[in-house]
Amino acid sequence: MHPNNQKTKIFLDSGDPAETKQALSVLGFLDGQTTNPSLIAKNPQTAGRKFLKEELLDFYRGVVKEVSSLIPEGSVSIEVYADNSTSAEEMLKQAREFNAWIPNFHIKYPTTTQGLKAAEISIKEGLRVNMTLVFSQAQAAAVYAATKGAKKGDVFISPFVGRLDDRGENGMDLIKNILKMFEQGDGHVEVLSASIRSLEHVIKTFELGADIITAPLKVLKEWKTSNKQTAVSNKLKPIPYQKIDLNRPWQEYDIQHELTDKGLEKFASDWNALIV
Ligand code: G3P
């Protein structure tokens with residue numbers, strides 16, 4: 001039984017082990033942590049610093065190792081560097097290196113054609129993946145199809161709720177729609193509610209019964225001290241459910257989404273800004 005009687009596992013969204021320690025002391029547990037290049041750039045120890053490429057990777061490895069030692073039973077997501085010209089082979093090379101960093105990792109790949117190719121191979125190699133920058137049901141269907149055969153727990157999918165809200169669409173609807181679509185599947189993909197900005201997002205994620213949520217420390221603290229049980233409905237534009245067959249080859253789904261492209265650029269530019 002989960003320490004908080006929740007079906008949904010709780011992850012911290014942060015690139016700073018000091019926050020892992022705080023989250024552990026506030027909550028008393030943590031099921032995992034997600035990192036990404038922008039979160040590493042927000043780590044106070046990178047402030048005002050420039051790194052050589054290798055030094056930056058060493059820094060990332062240090063962060064991840066420390067987080068892993070704090071939550072050895074949890075999952076730690078490590079994101080590959082990818083811009084719009086990075087090939088699947090280049091992503092895989094990074095993922096295989098992460099294998100030497102810590103035992104309890106999920107590799108974050110972008111949900112693009114190259115990222116999906118890398119994920120398909122990673123699963124065959126026995127690695128775990130967390131497919132990020134997900135903004136549509138079609139992308140979720142492609143993740144499902146590309147990772148078929150994986151064990152439950154080996155594949156996470158991260159729909160970015162807050163970034164859809166930012167442009168007036170109800171991001172929580174995407175979580176709801178993906179969960180509904182996955183009811184026709186074999187359950188091998190776990191839905192991880194990401195880009196969480198508020199307590200409302202947390203409560204709604206629990207209501208929907210998503211497998212995992214990752215949230216910033218500030219939001220986790222708010223949740224811990226709040227008695228709120230029910231989410232209020234918002235005024236954002238609903239995202240309609242689409243009927244999508246999960247049994248097609250992944251290459252056949254229309255996975256293009258402008259927020260995925262923008263998100264990829266932002267991750268790459270935040271990372272590159274740290275490099276000399
Ligand atoms: O979990 C993904 C997250 O780090 C992105 O959050 O707030 O930049 O959209 P945000």
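The model is a predicted one: local features need pLDDT of at least 70, side-chain atom pairs count only at pLDDT 80 or more, and totals for chains, interfaces and linings use all residues. Residues are numbered from 1 along each chain as its sequence is written, and side-chain values use heavy atoms, with hydrogens and water left out. Helices (H or I, at least four residues) and strands (E, at least two) are DSSP runs, numbered from the N terminus.

**Two helix pairs**

- Let's start with helix α1 (residues 17-27) and helix α3 (residues 53-70), whose axes lie 9 Å apart at an angle of about 15°. Axes here are lines fitted to C-alpha atoms, for helices over the stretch in contact, and angles run from 0 to 180 degrees between N-to-C directions.
- That angle is why α1 and α3 count as roughly parallel. The cut-offs go like this: under 35 degrees is roughly parallel, over 145 roughly antiparallel, 65 to 115 roughly perpendicular, and the rest oblique.
- The crossing of α1 and α3 is right-handed. A crossing gets that label if the near helix is turned clockwise from the far one by less than a right angle, and is left-handed if anticlockwise.
- On the α1 side, the contact is made by Pro17, Thr20, Lys21 and Leu24, and on the α3 side by Val63, Glu66, Val67 and Leu70. Contact means heavy atoms within 4.5 Å.
- Sorted by class, the residues where α1 meets α3 are 5 nonpolar, 1 polar and 2 charged. Ala, Val, Leu, Ile, Met, Phe, Trp, Tyr, Cys and Pro count as nonpolar, Asp, Glu, Lys and Arg as charged, and the others, Gly among them, as polar.
- Next up is helix α6 (residues 137-146), which packs with α8 at an angle of about 40°, the axes being 10 Å apart. This pair is therefore oblique, and the crossing of α6 and α8 is right-handed.
- From α6, Gln137, Ala140, Ala141 and Tyr144 meet Leu174, Asn177, Ile178, Met181 and Phe182 of α8. The α6 and α8 contact has 7 nonpolar residues, 2 polar ones and no charged ones.

**Two buried aspartates**

- Aspartate 173 sits in helix α8 (residues 171-182). It counts as buried because its relative accessibility is 9%; buried means under 20% relative accessible area, exposed over 50%, and partly exposed in between (1.4 Å probe, protein chains only).
- Setting aside neighbours within four places in sequence, aspartate 173 is in contact with Pro238 and Ile239. Its side chain reaches the backbone nitrogen of isoleucine 239 at 2.9 Å.
- Aspartate 211 is in the loop between α9 and β8 (212-215), and it is buried because its relative accessibility is 13%.
- The side chain of aspartate 211 reaches the backbone nitrogen of valine 191 at 2.8 Å. Beyond neighbours within four places in sequence, aspartate 211 has contacts that include Lys7, Lys152, Leu179 and Val191.

**An asparagine in a loop**

- Asparagine 104 belongs to the loop between α4 (88-98) and β4 (105-110), and it is buried because its relative accessibility is 10%.
- The side chains of asparagine 104 and serine 68 make a polar contact (2.8 Å). That term means a pair of N or O atoms within 3.5 Å; within protein, one must be able to donate a hydrogen and the other to accept it, and residues adjacent in sequence count only if both atoms are side-chain atoms.
- Leaving out neighbours within four places in sequence, the residues in contact with asparagine 104 include Ser68, Ile71, Pro72 and Arg128.

**Positive phi values**

- Some background: most residues other than glycine have a negative phi.
- Leucine 133 is not a glycine, yet it has a positive phi of about 60°. It sits in strand β5 (residues 129-134) and is buried because its relative accessibility is 0%.
- Serine 195 also has a positive phi, near 55°. You'll find serine 195 in the loop between β7 (189-193) and α9 (199-208), and it is buried, with a relative accessible area of 10%.

- Alanine 273 lies in the segment after α11 (258-272) and is partly exposed, with a relative accessible area of 44%.
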